[in-house]
Amino acid sequence: MQSLGRPAWKFAFVLVHDIDIAQEIVQAAFARAWASANTPSAEADFRRYLYRTIMNLVRDYGRQRARAAMLPATPAAATNPLDIVDRRAGDDALRAALRALTVRERQAVYLRYFEDQSFAETARIMRTPQVTVRVIVHRALGKLRRELGSRTVPNQVAM
Amino acid sequence: MGAQQELEQRLRIYAQDFDHDFPRAASLDRRIMARVAITAREERRALTLPQELALAGLVVVAVALLVIGIARVREMTQPVPAHPTPSVRSNPVPATALFPPSFPVKMVTPKVGWAASVGAVFRTTDGGLRWESVSLPSLPNGTKEGSASYFLDRSS
């Protein structure tokens with residue numbers, strides 16, 4: 001758990017863009033892994049299982065948020081925790097472009113470039129054929145290029 | 001450097017900055033441990049009685065089907081003698097003639113065959129187990145005797 005907690009937290013954060021929600025999701029994922037009788041014990045298998053659980057929880061969270069969006073609007077938080085953490089990393093333009101990707105594209109890009117996983121391992125975690133993962137990453141990079149190309153020069157200088 | 005490699009390089013640099021600035025996990029680890037501590041662990045579920053009975057039923061049906069299948073296959077693959085030897089049954093067989101083994105026999109199919117003796121013709125439809133006497137029309141010279149026998153097909 002010591003070695004997986006932070007990467008799992010970062011993974012969840014990239015998907016939900018909220019550090020507290022991400023932490024909550026990671027806690028729930030570990031709790032599920034602990035509770036389930038089918039949790040694999042080998043480290044690599046456990047990591048994949050944990051990441052898949054996080055992806056499922058993120059999907060559930062997205063559905064809850066979509067339902068909540070249909071309710072009367074509540075006042076936004078004064079400060080978004082994302083701003084505190086995410087803005088520390090430079091390259092505002094890239095950060096904004098990453099946020100424009102779909103969740104599935106962010107999953108693939110995170111695993112491939114943030115965790116430096118191979119396409120094969122990324123495919124195993126996402127339970128998707130490797131060729132599909134390559135397509136998702138390729139499409140995501142295309143989106144990022146277009147997004148970055150459309151941004152103004154001062155944003156790009158920030159990197 | 002192509003645009004693709006440049007973007008990938010930029011992503012990796014961003015990832016390093018992101019990792020550097022992301023909070024340490026000490027508090028997270030404590031929270032995870034606390035959450036896990038209050039989570040009940042699911043036992044591996046044993047089969048209930050109805051599930052066990054259903055499983056046993058399935059096994060019985062599968063074995064029965066296997067036995068029946070093997071029996072069918074053996075029945076189908078049992079060789080049929082090309083020229084079955086007529087046999088004489090010890091029990092009285094109605095409408096069945098005893099068949100001396102010296103008669104000439106012609107099996108036109110594996111089941112249907114003809115045999116001829118002096119003044120009588122016999123026909124079998126079960127591979128030679130039973131032979132029935134077939135009445136012959138009178139020959140032109142008024143006798144039913146013939147010195148040679150030829151059989152053409154299943155009916156004649």
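Helix 5 of chain A packs against helix 1 of chain B at an angle of about 95°, with the two axes 11 Å apart. The structure is a predicted model. Angles of 65 to 115 degrees count as roughly perpendicular, and helix 5 of chain A and helix 1 of chain B are therefore roughly perpendicular to each other. From helix 5 of chain A, the residues A:Ala93, A:Leu94, A:Arg95 and A:Leu98 meet B:Leu7, B:Arg10, B:Leu11 and B:Tyr14 of helix 1 of chain B. By class, this contact holds six nonpolar residues, two charged and no polar.

The axes of helix 3 (residues 43-69) and helix 7 (residues 119-126) of chain A come within 8 Å and cross at roughly 55°. Helix 3 and helix 7 of chain A are therefore oblique to each other. On the side of helix 3 of chain A the contact is made by A:Arg48, A:Tyr51, A:Arg52 and A:Met55, and on the side of helix 7 of chain A by A:Glu121, A:Arg124, A:Ile125 and A:Met126. Four of the residues in the contact between helix 3 and helix 7 of chain A are nonpolar and four are charged, with no polar residue.

A search of the whole structure finds one cavity of 30 Å³ or more. The largest cavity has a volume of about 100 Å³. Twelve residues line this cavity, and those closest to its centre are A:Val14, A:His17, A:Leu98, A:Phe114 and B:Tyr14. Two of these residues, A:Leu98 and B:Tyr14, also belong to the contact of helix 5 of chain A with helix 1 of chain B. Two or more lining residues come from each of helix 5 (92-99) and helix 6 (103-114) of chain A and helix 1 (3-21) of chain B.

The largest pocket contains about 560 Å³ of space. Of its 24 lining residues, A:Met55, A:Asn56, A:Val58, A:Arg59 and A:Gln107 are the closest to the centre. One of these, A:Met55, also takes part in the contact of helix 3 of chain A with helix 7 of chain A. The elements that give two or more residues to the pocket lining are helix 1 (5-16), helix 3, helix 6 and helix 7 of chain A.

| Space | Lining by class | Element giving the most |
|---|---|---|
| Largest cavity | seven nonpolar, one polar, four charged residues | helix 6 of chain A, four residues |
| Largest pocket | nine nonpolar, six polar, nine charged residues | helix 3 of chain A, ten residues |

Chain B contributes a sheet. This is an open sheet of four strands in the order 1-2-3-4, with antiparallel pairing. Strand 1 (105-107) and strand 4 (132-134) of chain B stand at the edges; each has a single partner strand, so one side of each is left without a neighbour in the sheet. From one strand to the next the twist averages 25°. Strand 4 of chain B pairs with strand 3 (residues 120-124) of chain B in the antiparallel sense over three bridges. Along strand 4 of chain B, B:Glu132 stands opposite B:Arg123.

Technical notes: Residues numbered from 1 in each chain as written. Chains lettered and ligands numbered in written order. Predicted model: local features only at pLDDT ≥ 70, side-chain atom pairs only at ≥ 80, totals over all residues. Heavy atoms only, no water. Pairing = 2+ DSSP bridges. Axes fitted to C-alpha atoms, helices over the stretch in contact; angles between N-to-C directions. Parallel < 35°, antiparallel > 145°, perpendicular 65-115°, else oblique. Contact = heavy atoms within 4.5 Å. Nonpolar A, V, L, I, M, F, W, Y, C, P; charged D, E, K, R; others polar. 1 Å grid on protein atoms, 1.4 Å probe; cavity = no way out; pocket = protein on both sides within 12 Å on 5 of 7 lines; lining within 4 Å. Points joined across faces, edges and corners; volume = space filled by probe spheres on them.
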